[in-house]
Amino acid sequence: MRACVVVMILALSTPARAQEFVAPTPAGPAGVSAILEHGLPPVGAEARIEALAARWHGLPELAARSIAYGAGWRELRWAVGLSRFGDGELGWSAVAVATGLATEAGGAALRLCARRDAPGNRGVECGGGAWAPIGRHARLWAAVPQLWTEGEPPPLARWLEIGAIAEGFGIKAWLSRTAVPSRVRGVRADHFAGIAADTGPITTWVSLRDRPPRGSLGVTAARGALRLGVEVESHPVLPETVRLGVSWGSR
Amino acid sequence: MGLALMRRYPVSWSRLVIAAWAFAAGAAKADPIEPPPGTSEGEDSTQESADTLASGAVELGIGVSGAAGQEIERRRRVRFADPDLRGTVREGSRDPLAGGLVEGRTGAGEFVAGKLSPRWGRGLLLGAFSDPWQRSSMEVGARRAGRTRLGEGVLYRRWGGELLLGRFSRQDLAGIQIAGERRLGLLAGRRGVQASAGIEQAHGGAEIAFDRRGLWRGEGVMRREAGRWQIAGAMRTGSTGFRSLAEPGRNGPSRALTLAAEGATGLGTLRSLGAVWSYRAGRAGGRLALEIERPLSDGSRFSAGFEEQRGVRRDVQRAASFRQGAWIEWGRKAAPLGLSARHESWGSRGALRQTVRTITGVGLDLLAARGVTASLAHSVYRVRRGESLYLLENGSDRLVLRALAGEGHRTRIEIRVPFGRGVVHAGLHLDVRDGRRRPPRWDVEWSRRSRPR
């Protein structure tokens, strides 16, 4: 019965975004999770280890626990991550690797994620992403996380995502559009917009999604190499989704 | 003629004002991709790349292509260019460009033998005449890019004239043209005789073609510069039943009026195109397109456009349709990483409602060390049944307009690697359509350009 509820919730929520390595951060090409989940390499080459936890819609069966490490050398960027999503028959384990190049003038990376569920079914997805600056204060990114899939289909079909983020005066604003396949209504687009404010070591953001309308509130705090983050996302029908992140970087 | 078209084609005064402004404002350049004239609806179209070979050079290409579970197809090509002789030979199973072409000089004359795509004047008698809703209809001159192959035969040029013997549309034809600023042409075959007369100047041209039954067609184009604006207009009129002997299967509108303009404004380069046309009574159409393109400070370019289409684009089209579309595009061609993105959406009702086709695409170009380049083009599309949407794909030696149907996503990955004094070009197509993954298609070609000592 509980499994049926979980399946129903998964069908209702239809999140277009990633699952395993979602970090509580504003959108865009930044951080270890961006290169692992979207193939968007960060500009900085800092090494950072990140521990992530998420509970989707308040259900322990939809809890994700991940650990990821990312680093860089000159223009080269890479990251690796391990994740466990859910429990019991509905859960799966995932390992992801990503590598790419990034400079101030742009970046591109390839990502690969392999999963294995409880019955032993295996699946692999391969994709990538790229970003480029628009002027001095904005960047455009494009990501195709599942360019190629093999074996067991991924839990969520993730098609092309295009987004742009503008930064200035300590404010970030972003808008992205993701193509989402639907067996009932065909390919449709989901939109994601948000705004973040940097106030010293604290970054706060709010974001909105459509289909169905959802909002989220997040905050990160940094002290030295340590960074903590939390994000809560609402849903019109289901309970909230909570994400936590702790990371330690080289600087 | 224009007023007659207006009467047949219901255009309101407000649209006329918009059309007049469009005429004064600019001509759509980065239009949505349309197949070349004569391409059947929903069919792929392949054209040779407009790549030219330097004099004295020889190019050799050997390639294979295939897909999982299918037989491997082989392709070979040789191109050579010399001041007195140049040519191309392509060979390959199911290669739409297979065939040969040799161009050379003999004494005071020039000859072309093999695949022919000649164009006399405006193309009414010989050569593909333009569709009035396309920007190419504004072009002046016989040698235009993107022409499709018409037939095979021999063409001989001397003393400003041309003599043609060939096979076009499964019939033998002979023709003669006296070319120059004023030109006369005659084309004869078993099915009849046709003639044409025209003038060709730097800023315009006109042609009238007729046959023995008295059927005729005339077309003229004129380009002018007015300050910072380039303005062009084209008009076509004539008999409904006129068909070119060389291409009897192709029937463009018998009457058309096209106006286009392009100029710099404070917002960027503004282009517009307005056209109305008619095949016969009750079979008319119109198009209005506006586009603005603005270079940004970082070297990237931004463009956006809007377009409205009404009526029919084919004589046999069952029902007239209304389409309104808009697109937005950004791109930056920079080394080592270039990125572009485009979104285009069309609706069958005003304000882009009732979406009938939509496509979102990104392109990535990567310039690596030692001349290695890689590119990726990915598009997500949704096309309602009965609609046409084309995707431009660059091959090693060709341009392919891929007709898309249904919904899905398509990816092309290309890598060019210098190898063996040449270049290895490898491509991979990944195609997911209507929820099913198609067998991935691949192609590999090694080509080399050399200049014999």
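Q354(B) has its place in strand β21 of chain B; helices and strands here are DSSP runs, numbered from the N terminus, with at least four residues of H or I for a helix and at least two of E for a strand. Although Q354(B) is not a glycine, its phi is positive, at about 55°. Q354(B) has 13 other C-beta atoms within 10 Å and is therefore partly exposed. The cut-offs behind that word are these: a residue is buried if 20 or more other C-beta atoms lie within 10 Å of its own, exposed if 12 or fewer, and partly exposed in between, with C-beta atoms placed from the backbone.

This is a predicted model, in which local features need pLDDT of at least 70, side-chain atom pairs count only at pLDDT 80 or more, and totals for chains, interfaces and linings use all residues. Residues are numbered from 1 along each chain as its sequence is written, while chains are lettered from A and ligands numbered from 1 in the order in which they are written.

Now step to L352(B), in the loop between β20 (337-349) and β21 (353-367) of chain B. L352(B) has a phi near 60°, again a positive value in a residue other than glycine. Why does L352(B) count as partly exposed? Because it has 17 C-beta neighbours inside 10 Å. As background, most residues other than glycine have a negative phi, and most peptide bonds are trans.

The peptide bond from R211(A) to P212(A) is cis, and its omega is near -5°. You will find P212(A) in the loop between β11 (202-209) and β12 (214-223) of chain A.

Let us look at chain A as a whole. Chain A contains two helices and 14 strands. Its radius of gyration is 17 Å, close to the 18 Å that the globule rule gives for 251 residues, so chain A is as compact as a globular protein of that length. The radius is taken over C-alpha atoms, and the rule is 2.2 Å times the number of residues to the power 0.38. Along the principal axes, the C-alpha atoms of chain A fill a box of roughly 50 × 35 × 35 Å. Of the 251 residues in this chain, 44% count as buried.

Where do the two chains meet? The contact takes 19 residues from chain A and 21 residues from chain B; two residues are in contact if their C-beta atoms, placed from the backbone, lie within 7 Å. On the side of chain A that touches chain B, β5 (106-117), β6 (122-134) and β7 (138-151) of chain A each supply at least two residues. The most comes from β7(A), with five residues. By class, this side of chain A has 16 nonpolar, three polar and no charged residues. Here Ala, Val, Leu, Ile, Met, Phe, Trp, Tyr, Cys and Pro count as nonpolar, Asp, Glu, Lys and Arg as charged, and the others, Gly among them, as polar.

Back in chain B, there are two helices and 28 strands, and buried residues make up 35% of the 453 residues. Strand β2 (residues 58-67) of chain B is joined to strand β3 (residues 73-81) of chain B by eight bridges, and the two run antiparallel; strands pair if DSSP finds at least two bridges between them. V58(B) stands opposite F80(B) in β3(B). The hairpin of β2(B) and β3(B) has five residues between the strands, and in it G69(B) takes a positive phi near 80°. Next, β3(B) pairs with strand β4 (residues 85-92) of chain B in the antiparallel sense over seven bridges. A hairpin of three residues joins β3(B) to β4(B), and R76(B) has E91(B) in β4(B) as its bridge partner.

Another group in chain B is an open sheet of three strands, in the order β1-β24-β23, with antiparallel pairing. β1 (45-48) and β23 (389-394) of chain B stand at the edges with a single partner strand each, so one side of each is left without a neighbour in the sheet.

Finally, a word on confidence. The model scores ipTM 0.88 and pTM 0.86. Chain B averages a pLDDT of 85, and 89% of the residues score at least 70; pLDDT is the predictor's confidence in each residue, from 0 to 100. Over residues 1-29 of chain B, pLDDT stays under 50.
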